[in-house]
Amino acid sequence: MANPLTAETLGGGFDDAPIQSARAFRAALDAMARPGRIHVIAGARPPAPLSAAAGTLLLTLADGTTPVHLAGDIDCDALRGWITFHTGAPLVPAEAAVFAVGRWTDLAPAHRFAIGTPEYPDRAATLIVEMPVLEAEGPVLAGPGIRDRARLTLPDPEAFRANHALFPLGFDTFLTCGNRVAGLPRSTRVEDF
Amino acid sequence: MTEQAYNFAYLDEQTKRMIRRAILKGVAVPGCQVPFASREMPMPYGWGTGGVQVTAACLTPEDRLKVIDQGADDTTNAVSIRSFFRRTAGVAVTGATADATLIQTRHRIPEHPLTEDQILVYQVPIPEPLRFLEPREPETRKMHSLEEYGLMHVKLYEDIARHGAIATSYDYPVKVEGRYVMDPSPIPKFDNPKLSGCPALQLFGAGREQRIYALPPYTSVVSLDFDDHPFDPGKADHDCDLCGAGDSYLDEVIIDDAGGRMFVCSDTDFCQGRRAAGHIGRLGAPAGAAA
Ligand SMILES: [Zn+2]
């Protein structure tokens, strides 16, 4: 087993957690509240291959009470150590995850993730999907948070359409790329693609 | 300056993370009540501990905070909350709706239209709109899950049968995006139309009841009504006696021992802004001349 206490594991966290997590949460909140808008979110410097945006979301939202699933090449020694050290989150299979991080192809099939219960729709997973590109173009989005229509790069429009069909159940998604984030709550309708 | 004895915005990081996760789920399912573990705050319930915790979880050092209590910036409650966050988060404060980035409110929506750059945080005493019909939480949870809102309509219709109109004048229930029935907090029904299609994000925090819910920007919010009795937000028969506004929500104020009364905007910032712009009501003095 690799040495768990490398500089890579111990570094890359927030220098000033209360302030940096406050700013990061506002970016995440605005992203989730306004699907299609792309925000800069930064502060964390996680080991490769995790993006700064995905790392910052984890430091801001995850802790010992929120099991995290790492998918594909995100599930490596360096990142397991970094996330465990900085958040204390238990690492779990997809089905048990409150947060799941990875490329879409590694997270699929998405129906493995918690979608909440009829009485508690909030008990649903949040996916953090690492994107090769993230732009305000592509499939048309509508719904709460969107004044008219928005567009956003989606990895798999049909999967998000199927997820919306479960509303008020369903998972919620952050799309991350570099230091940028966009939100795609289950309430968003993916109209045509 | 932030006082060193406190964490930023008073709450510890673990508590803020928990509240932030609840807020995000509330945003993802508009109108749905999300449980959270409310913390003891250095103020009693009824002072807006739910709103204060939501505000604490959302504030950044760059924010300009406005706090209103029934439309007024200068009540003890509003002054205390504003000063609490000025000390614990070091944020700037303002009375001007247009200058604020985050507004915490008790029982009003400001008259000045809100923008995309603002968050409105409501203090909520009773978050469950079905509570007076069904006291048991598991039952109301089930009613929401099955969209079983018939009893709510029956209650409103009984109003019509008894009074000839729906008597509920505040806390008037709404339906969000055609799905969840939601309690908008005790705002006057006059404010209900402002809930819908609002460019600002609206967050609701109930401290004692430990619930958070949300209306994302541009969410459709419909006040419950009937085809033969459409929702009527109501309108005072008066203009504001100080600024002459004919389209704002008015408070009735007793002005002398003889029972003399005047009607003034409940939104003090709105009223002062109009008077500063030269609008004068029936009893108003020009701006600057008033005591
Ligand atoms: Zn006035």
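User: Happy to start with a strand: how many of the six residues of strand β7 (residues 172-177) of chain A are buried?

Analyst: Good place to begin. A residue is called buried if 20 or more other C-beta atoms lie within 10 Å of its own, exposed if 12 or fewer, and partly exposed in between, with C-beta atoms placed from the backbone. By that rule six of the six residues of β7(A) are buried, and the strand is mostly covered. A word on the source: this is a predicted model, in which local features need pLDDT of at least 70, side-chain atom pairs count only at pLDDT 80 or more, and totals for chains, interfaces and linings use all residues. Residues are numbered from 1 along each chain as its sequence is written, while chains are lettered from A and ligands numbered from 1 in the order in which they are written.

User: Which residues of β7(A) lie on each face?

Analyst: On one side are D172(A), F174(A) and T176(A), and on the other T173(A), L175(A) and C177(A); all are buried, and both faces are covered.

User: Which strands pair with β7(A), and in what sense?

Analyst: The general idea is that two strands pair if DSSP finds at least two bridges between them. The elements themselves are DSSP runs, numbered from the N terminus: helices are H or I with at least four residues, strands E with at least two. Here, five bridges join β7(A) to strand β4 (residues 126-130) of chain A in a parallel arrangement, with L127(A) opposite T173(A). Strand β8 (residues 180-184) of chain A pairs with β7(A) in the antiparallel sense, over five bridges, and V181(A) is the bridge partner of T176(A). In the hairpin of β7(A) and β8(A), two residues sit between the strands, and G178(A) has a positive phi near 60°.

User: Now helices. How do I read the crossing of α2(A) and α3(A)?

Analyst: Two packed helices are described by the angle between their axes and the distance between the axes. Axes are lines fitted to C-alpha atoms, for helices over the stretch in contact, and angles run from 0 to 180 degrees between N-to-C directions. In this case, helix α2 (residues 17-33) and helix α3 (residues 52-61) of chain A have axes that come within 9 Å and cross at roughly 110°. Angles under 35 degrees count as roughly parallel, over 145 as roughly antiparallel, 65 to 115 as roughly perpendicular and the rest as oblique. The two helices are therefore roughly perpendicular to each other.

User: Which residues meet there?

Analyst: Two residues are in contact if their C-beta atoms, placed from the backbone, lie within 7 Å. From α2(A) come S21(A), A24(A), F25(A) and A28(A), which meet T56(A), L57(A), L59(A) and T60(A) of α3(A). The residues of this contact divide into five nonpolar, three polar and no charged. For the classes, Ala, Val, Leu, Ile, Met, Phe, Trp, Tyr, Cys and Pro count as nonpolar, Asp, Glu, Lys and Arg as charged, and the others, Gly among them, as polar.

User: How many residues of each chain take part in the contact between chains A and B?

Analyst: 30 residues of chain B are in contact with 28 residues of chain A. On the chain B side, α1 (13-28) and α4 (137-145) each supply at least two residues, and α1(B) gives the most, with ten. By class, that side has 16 nonpolar, five polar and nine charged residues. As one example, S145(B) is found in helix α4 of chain B and, leaving aside its neighbours within four places in sequence, is in contact with P118(A) and E119(A).
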